[in-house]
Amino acid sequence: MGKLTTHVLDTANGMPGAGIHIALYRVADDQLTHVTSAVTNEDGRTDAPLLEGTSLETGKYQLVFDTAAYFRARNTTLEEIPFLDDVVIRFGINNSDQHYHVPLLVSPYSFSTYRGS
């Protein structure tokens with residue numbers, strides 16, 4: 001059975017991104033449908049997969065990470081309008097039997113992602 005997981009690494013401070021709010025949406029015809037929300041734990045991961053089994057369907061998805069709130073909670077000085085507020089990652093799932101892992105490496109001024117394992 002396939003599953004969708006994520007985790008966040010705070011590259012500015014060299015630590016897991018704990019306490020980051022994440023929202024997952026399904027994208028169809030440029031419309032977003034909220035699927036689930038989670039908050040990262042002390043290891044920067046969610047306590048359970050965001051989707052797994054029959055709830056993981058092929059299609060386009062979007063993850064939204066509330067990173068500005070995380071950095072503000074760490075007393076990081078940000079502009080009134082932060083350069084990165086919500087980090088949005090849009091991706092596709094082509095095989096619902098596979099594990100899709102979408103990590104986020106983030107600082108107040110940059111981010112990167114990849115398909116992990």
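Modeller: A residue is buried when its relative accessible area is under 20%, exposed when it is over 50%, and partly exposed in between, with a 1.4 Å probe and protein chains only. The model is predicted, with residues numbered from 1 along each chain as its sequence is written, and local features need pLDDT of at least 70, while side-chain atom pairs count only at pLDDT 80 or more. Side-chain values use heavy atoms, with hydrogens and water left out, and totals for chains, interfaces and linings use all residues.

Colleague: Why is β8 called largely enclosed by the rest of the structure?

Modeller: Seven of the nine residues of β8 are buried, so the strand counts as largely enclosed by the rest of the structure. For the protein as a whole, 39% of the 117 residues fall under that cut-off.

Colleague: What makes β8 a partner of other strands?

Modeller: Two strands pair if DSSP finds at least two bridges between them, and a strand is itself a DSSP run of E with at least two residues, whereas a helix is a run of H or I with at least four, both numbered from the N terminus. Four bridges join β8 to β9 (residues 110-113), which run antiparallel, with L104 opposite T113, and a hairpin of two residues connects β8 to β9.

Colleague: Which strands form the open sheet, and why are two of them said to stand at its edges?

Modeller: The order is β4-β3-β6-β7, with antiparallel pairing. Strands β4 (31-39) and β7 each have a single partner strand, so one side of each is left without a neighbour in the sheet. From one strand to the next, the twist averages 25°, an angle taken between the N-to-C directions of lines fitted to C-alpha atoms, on a scale from 0 to 180 degrees. Inside this sheet, six bridges join β3 (residues 21-28) to β6 (residues 59-66), and one of the paired residues is I22, whose partner in β6 is F65.

Colleague: Why is P82 called buried?

Modeller: P82 has 12% relative accessibility, and so it counts as buried. This residue lies in the loop between α1 (67-73) and β7 (86-93). Beyond its neighbours within four places in sequence, P82 is in contact (heavy atoms within 4.5 Å) with A68 and R72.

Colleague: Which residues touch the most other members of the largest nonpolar core?

Modeller: A nonpolar core is a set of buried Ala, Val, Leu, Ile, Met, Phe, Trp, Tyr and Cys residues joined through side-chain atoms within 4.5 Å. The largest has 25 residues, of which L4, L24, L63, F65 and F91 touch the most other members. Two or more residues come from each of β1 (3-10), β3, β6, α1, β7 and β8 (99-107). The contacts of L63, leaving aside neighbours within four places, include T6, L24, F91 and V102.
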